[in-house]
Amino acid sequence: QVQLVESGGGLVQPGGSLRLSCAVSGSRGSIVSINTMGWYRQAPGKQRDLVATIRSSGSTDYADSVKGRFTISRDNAKNTVYLQMNSLKPEDTAVYYCKVQVVTSRYFEVWGQGTLVTVSS
């Protein structure tokens, strides 16, 4: 079945950078297409909010709070979406979740397991 494997989270000081990765795992040839890919985050006691999305066309959208600091990108050959996070702030601390729209024999929206990003000095 289709699953998402996230990596790249960790502890970083304010002003530092991290790069998150989310790889779509599936049987060879089973994935017909991967459409919109995105990142969401959820801080303790708060709602899960959109961080950034990237469409198959390459078009991107960002939350206002991360514009100019975060960059979402994708590598279609690797079925992977990335989130480059620069100039990190303590308020960026959250569990980051990847969500991907996948088409196999059916359409799926799949969530990753989450990766914790902690920004603290």
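Which side chain of opposite charge is nearest to Glu 6, and how far away is it? In this predicted model, local features need pLDDT of at least 70 and side-chain atom pairs count only at pLDDT 80 or more, while totals for chains, interfaces and linings use all residues. Residues are numbered from 1 along each chain as its sequence is written, and side-chain values use heavy atoms, with hydrogens and water left out.

The nearest side chain of opposite charge to Glu 6 is that of Arg 48, 7.8 Å away; Lys and Arg count as positive and Asp and Glu as negative, whereas His and the chain ends are not counted. Glu 6 is buried and has no salt bridge. Buried denotes under 20% relative accessible area, exposed over 50%, and partly exposed the range in between (1.4 Å probe, protein chains only). A salt bridge requires a side-chain nitrogen of Lys or Arg within 4 Å of a carboxyl oxygen of Asp or Glu.

Glu 6 belongs to strand 1, residues 3-7; strands (E, at least two residues) are DSSP runs, numbered from the N terminus. Its side chain reaches the backbone nitrogen of Cys 98 at 2.8 Å, and a polar atom of the Glu 6 side chain lies 3.4 Å from the backbone nitrogen of Thr 115. With neighbours within four places in sequence set aside, the residues in contact with Glu 6 (heavy atoms within 4.5 Å) include Cys 22, Trp 39, Tyr 96 and Cys 98.

Two of these residues, Cys 22 and Cys 98, form a disulfide with sulfur atoms 2.3 Å apart, the criterion being a pair of cysteine sulfur atoms within 2.5 Å. This pair links distant parts of the chain, since Cys 22 lies in strand 3 and Cys 98 in strand 9, 76 residues apart. The torsion about the S-S bond is about -85 degrees, so the disulfide is left-handed. Cys 22 is buried, at 0% relative accessible area, and Cys 98 is likewise buried at 0%. The structure holds one disulfide.

The largest nonpolar core has 31 residues, and Val 24, Trp 39, Leu 83, Met 85 and Tyr 96 have the most contacts inside it. Strand 9 supplies the largest share of this core, five residues. Such a core is a set of buried Ala, Val, Leu, Ile, Met, Phe, Trp, Tyr and Cys residues joined through side-chain atoms within 4.5 Å. Not counting residues up to four places away in sequence, Val 24 touches several residues, among them Leu 4, Ile 34, Met 37 and Val 100.

Conventions:
Helix = DSSP H or I, 4+ residues; strand = E, 2+ residues; numbered from the N terminus. Polar contact = N/O pair within 3.5 Å; in protein donor to acceptor, adjacent residues only side chain to side chain.
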